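Have a look at the sequence and the model first.

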Amino acid sequence: MGDPNGRTAVVTGASRGIGQAIAARLAAEGALVVVHFGTDESGAAETVEGIARAGGTAVAVQAELGVEGDVETLFAGVESALAGRPLDILVNNAAAAPTGPLGATSRAEFDRLFAVNVRAPYFIVERALPLMRDGGRIVTISSVATRMANPAQTAFAMTKAAVETMSTTLAAQLGLRGITVNAVAPGATRTPANGAVFEVPGLAEQITAMTALDRLGGPDDIADVVAFLASDAARWVTGQVIDASGGLFLGPVSRS
Ligand code: NAP
């Protein structure tokens, strides 16, 4: 399947949005990509077909994350797709969305956020390591929510802070194997799924005005950064959180 000597990658949450763009980008560089999805089978098929049309190779694997047995289900599919090949790149992209401020987030919603956004990536890394080649790459998608206080997203931001800490501490552990571990923190990124959010009158303009590069992001803006961290060019970068927000909320805005 694909180039038997090429690299391999697992991208969680690749049925749409940023994960779909990351999967396409890694496949364009020749990696066999495992396209993980939770519920959106047709979205995952679209990712796989897009990769195939571009000459790449990908396999869709379903697993609901944040539930009992999630990692086992995911890796049954991953191992079957890899067919004995080692894993080079793991991208923890799947995440549950913000649930609202303190007072509006139930205990069940809080627990689910942590189960999907924190527990799942942690144990996915643990399960991936025996499959991973020395010199491998682990990238987890965080958010600018960890540095921009937004009370509408407190619990969500807490989960992203946790995976940033996971990345720095695991980088210290896994460096002996040459494995780099980094996080990428997107800013406001317009995807087909969240496009409606940015249709709220004035919101896109308000965010754009706070962004040094003067626009919203797109999935490819994030995928390119992940591809860099996954490449040999980033071999000396580990334990870092790379902001990929176009300079969102850097300080007082001056447009003169
Ligand atoms: P999205 O459109 O909501 O897509 C999320 C993906 O994760 C989907 O493929 C979804 O799969 C999967 N997923 C979510 N919960 C899951 C679960 N419980 N089990 C299995 N799969 C699950 O997300 P996005 O906007 O592209 O964001 C991707 C990443 O970037 C996330 O980590 C997000 O927090 C981060 N981020 C995004 C933005 C932004 O503005 N878009 C900003 C900052 C950070 P199914 O649909 O198949 O279930």
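A backbone N or O atom of G187 lies 3.5 Å from an oxygen atom of the ligand.

| Residue (backbone N or O atom) | Distance to a ligand oxygen atom |
|---|---|
| G13 | 3.2 Å |
| G187 | 3.5 Å |
| T189 | 2.9 Å |

On its own the ligand has 900 Å² of accessible area, and the protein covers 87% of it; such areas come from the Shrake-Rupley method with a 1.4 Å probe.

A word on the model: it is predicted, so local features need pLDDT of at least 70 and side-chain atom pairs count only at pLDDT 80 or more, while totals for chains, interfaces and linings use all residues. Residues are numbered from 1 along each chain as its sequence is written, and side-chain values use heavy atoms, with hydrogens and water left out.

Around the ligand there are 31 residues, with S15, R16, D40, L65 and N93 the closest; a residue is near if one of its heavy atoms lies within 4 Å. This shell divides into 13 nonpolar, 13 polar and five charged residues, where Gly counts as polar and Asp, Glu, Lys and Arg count as charged.

Which space does the ligand take? It is the largest pocket, as more than half of the ligand's atoms lie within 2 Å of the grid points. A pocket is an open set of points on a 1 Å grid with protein on both sides within 12 Å along at least five of seven lines, a cavity is a set where a 1.4 Å probe fits but cannot get out, and lining residues have an atom within 4 Å of a point.

The largest pocket has a volume of about 1,600 Å³. Its lining counts 47 residues, and A96, A97, P98, F156 and N194 lie nearest the centre. Helix 1 (17–28) and strand 2 (32–37) are among the elements that each supply at least two residues of this lining. Helices (H or I, at least four residues) and strands (E, at least two) are DSSP runs.

The second largest pocket holds about 190 Å³ of space. It is lined by 15 residues, and R215, G217, D221, S245 and G246 are the closest to its centre.

Finally, the structure holds one cavity of 30 Å³ or more. Among the residues that line the largest cavity are N92, N117 and K160.

Key:
Grid points are joined across faces, edges and corners, and a volume is the space filled by probe spheres set on the points. A polar contact is a pair of N or O atoms within 3.5 Å; within protein, one must be able to donate a hydrogen and the other to accept it, and residues adjacent in sequence count only if both atoms are side-chain atoms.
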